[in-house]
Amino acid sequence: MNGFMTRLVRWGLGEEEAREFFLEMDELYHEKVGSKGTRTAGHWRRRELHRACFHAVSDRLRKAFSGRRTVGSTERARSRSREALGVAFFDELTRNLKFSFRGMARRPLLTGTFILTLGLCVGASTAVFSVVDSILWRALPYPDSDRLALAVAYNPESGIRRDMSAVTGMDWERVRDGASPLRAAVFSDWPSGVNLSAEAGAAFVQQQRVGKGFFRTLGVPPFMGREFDVAEDTPGGPPAAILSHGLWSRTFQKDPEILGRSIRLKGEEHTVVGVMAESFRSHLDADVWTPLQASNTGEGGGANYQVLVRIPEGTLWEEAFARVGAIDANFSEDEDASDRRYGLVSFDQALTATMRTPLLLLLGAVALMLLVGCANLAGLQVARSLARRPEIATRQAVGGGAGSLFRQVLTENLLLGFLGGVAGLGIGYLALGGLTKVVSTQFDTWQAMNIDGRAVMASILVTAVAVVAFGLAPLLQVRSLDLRSVLVSGYRGAVGGGGHRLRKALLVVQVGLVTALLFSAGLLVRSYGHLEGLEPGFDPEGVLTVQLSLDDARFSTGEDVMGFFQETLSEIEAIPQVNSAAVALTLPYERPLNFPFEVLGASEEGPPTVTSAVYVTPGFVKTLGLPVLSGRNLDAADAADATPVVLANQAFVEQYLGEIPAVGARLALGGNSEVVIVGVVGDVQQANGGWGSGGPVWASPTVYLPAAQAGGPFMQTVHTWFTPSWVVKGRGDPAQWSQEVAKAIHTVNPDLPLARVASLDEVVSRALARPRLGAAFLIMVAGFALTLALVGLYGIIANEVGERRRELGLRMALGATPGGAVRTVGMSGLRLVFYGLVLGAALSAGVSRIIVSVIWGVTPFDPPTIAMGLIGMLALGGAASFLPATRVGRMDPSRILREE
Amino acid sequence: MTRKALGDLEHQVLLATLRLRGNAYSVSVVTEVEDRTGREVAQSAVFIALRRLEEKGLLQSKLHDQAGKQGRDRRYFEMTPAGLEKLREMRQALVGLWEGLTAELDGMP
């Protein structure tokens, strides 16, 4: 305790003085010992030390308070005051903070607006940054994940496309054999649901199929057991499975004896060879892994595989690229016909290829909003500093140095920035919860989204930039203040030309940014409107869809599948509310199978091309209400042993048949089987399969095959990719009889879990969720930014009205009409809006280059969007200008002039 | 010269310094004040008051080599003309107030 008090005294008096003091105190103590005895002297010493603490500390604070302006300061006094400088700093800070708090409390509305604006801007950008960061920028959760790549085939002329990383079985074999010493593994990027039969009941689980060495290449070995071996990964090899930690825990209660045990997956026994660790994440969110058993026929005949490559330590990316690039990628005899090469794409970039632009667009939108917010806050601060000019001038005139004023304003800004930043983090945290839910339905969000150190750092940075941005303006004001003119002209007359110009310039920037945001939002809305307004081509009213996985040993032959279809359909059609039912491989608005075909007998036989292909049962056309345009519908007579037939849609006929009469035209489907078109049906919208139109949905050329003629091997292959849907049309709300449908299916096979039950409306809605999300998000952001800009404009004009009272009063007294005065003031606002629009047009031209990749059915130079934006901005800007200007009209000139 | 009034302690310290005639430092001032007033004063308060009065220009100080205990330097304070003037001012003000109050204070009618 004594030590602490001694230190306090030293701090209070300074080292030198304290030493003197303690010596003299010692001297007095000894005197007291002599005169009053040791005991009394000891008491005195203790008391004296307490008192010394108090006196020394208060002396130091007193000095700090009185500042450095000591009267008759000797050299000693000056050096002492330097010691006190630290205290003085904190003291001034405390005073400035107190002053700022008081000032903020005096203007709760302004302060609240300020903090809320900054909070919303920072919060929104923090939340969106967190999402984008977790999806695009955070390292993949694998060791040395920057050494992981996908081997892709590309044409040097068109370059590598990150979103086209699928290769064929032949490609895989060549890369595997030629890429050594790079480690490579093959996997399927196609998520597929499969049936798991466990004691607890049947479950629909997500499966990913991977080749041997996949986990070793990722760098994450199974937590229990091993990976697939060569035998298991060879076609026809023993069925094996690796479980996710989640599935192992949920379904098998973390059974430690699980390895080597058999589980019933896809209708047959699979031996569990491994369990992944709890921390393991994969981008497909798989519950179970099975061997891919890659080959170069069947599935491997097309580009359905992904080849994962790990670049070993010590090998440069360029070396690895050269190594892969040296592998011969041409299969054609004719060397000129195809110039294919192999290359590498970093794994994380390949995974995020399709999400990058839309996500960056969202981030860009909030960044613009943040800019508008900053410009707005800067404007507010300029307005405040203009209003405070007399006060500041007075303070400067009585000797408050420019430095102390500078610090005062800075403190205030830092405090506002801090409060706004804290509010922003809070808002960001709340917003992230909602945003995560929305975003995870649209993007692969397999990494946790949270406000982590990076997001906090980003928001601190953003706030700091914002503080500097909006703090700079008033600081410049303080610096350039002309004391005399402010004090002489009094409170009203000061014409702060520079300040007003700055504030107006900030507003023009805001209007410009808002225009660009509104333009982007408008285009996204128009694009969504286009997608929404597309003729679906079918009637979704009262249609229920149920998905079941047939990637299952119980459905390995065509007869098994057809038998199941017929039994379930007759059970379902027996339900009183049901009108008709059918099965289809894929639904409208979902991604269909891409299938190669040739038109036979055409005058000039082109190269094989691609169509969408859907197998359907005969009731499909009726259930969805597709119009049969010519020829006939499929019927029960189109059986396995009958002539192979198909239905083509209108788009197919237009795109591929040309002059050839559609009904009766012959096609070679999938390379060999010859089929005849017996009817033409209307188009339906389907999700994009990676060819044709760039939009998310389009009326793709499609052929409908009778399920009965599809054949076992074909079905087995497509069922590993697609989960077929039962479509059921009935009366009333499908929700009311969906249970009956489920029961009907389970009557036939109680052991098949339902993968998904949804109305067709929901399926359609889900297909357009991403563009809808983007449009809604941009509307929100643009709306908020617009509100900020309009409030800013209103404030400027209201302020101008106040400041020009005398001038306008005088004008009206001299004969100007009130209407004319209102126009003068209001037009000054509209002029700002006009300059902003010019700036906005330039910005929009830049934005349109980026946005063009996410809009469909509209061009960036969309007249309605531009017209709406122009008229809207002018109308709203006019309102925000003329509303406060009307106050001029209500002025009484004689009263204003009397005020002088 | 400052126009600010002095505190009680500062007043006492100035008077004690004047009495000590060149031998004033915190120990001697404390002893002088305590002896004359019969009341204990805090040495630290006196120590600081001496320096504050110096800042105000009412005292000036000089370091005396090896005057202190164990041969250390010691700082002695003495009056400046401003300090003397200040004391005169204060005496004048107080005497003015005291005038004509003897009877009341000493219980005489």
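Buried area is the accessible area (1.4 Å probe) that two parts lose on being put together, summed over both. This is a predicted model, in which local features need pLDDT of at least 70, side-chain atom pairs count only at pLDDT 80 or more, and totals for chains, interfaces and linings use all residues. Residues are numbered from 1 along each chain as its sequence is written, chains are lettered from A in the order in which they are written, and side-chain values use heavy atoms, without hydrogens and water.

**Exercise 1.** State what area is buried between chain A and chain B, and which residues supply the contact.

Solution.
Step 1. About 2,300 Å² is buried between the two chains, with 47% of it given by carbon and sulfur atoms.
Step 2. Chain A brings 29 residues to the contact (heavy atoms within 4.5 Å), and chain B brings 24 residues.

**Exercise 2.** Describe the polar pairing across the interface of chain A and chain B, then the side of chain A that touches chain B.

Solution.
Step 1. A salt bridge is a side-chain nitrogen of Lys or Arg within 4 Å of a carboxyl oxygen of Asp or Glu; the interface has 8 of them by this rule.
Step 2. One salt bridge joins the side chains of E27(A) and R74(B), at 2.5 Å from N to O.
Step 3. A polar contact is a pair of N or O atoms within 3.5 Å; within protein, one must be able to donate a hydrogen and the other to accept it, and residues adjacent in sequence count only if both atoms are side-chain atoms. Between chain A and chain B, 13 residue pairs are in polar contact, both residues at pLDDT 80 or more.
Step 4. On chain A, the elements giving two or more residues to this side are α2 (15-36), α3 (38-66) and α4 (75-83); helices are DSSP runs of H or I, at least four residues, numbered from the N terminus.
Step 5. α2(A) gives the largest share, 13 residues.

**Exercise 3.** Summarise the fold of chain B.

Solution.
Step 1. Chain B has 5 helices and 2 strands, a strand being a DSSP run of E, at least two residues.
Step 2. Their order along the sequence is α-α-α-β-β-α-α.
Step 3. Of contacts in chain B between residues at least 6 apart in sequence, 50% join residues at least 24 apart.
Step 4. Of the 109 residues in chain B, 42% are buried, that is, under 20% relative accessible area (1.4 Å probe, protein chains only).

How values were computed. Buried means under 20% relative accessible area, exposed over 50%, partly exposed in between (1.4 Å probe, protein chains only).
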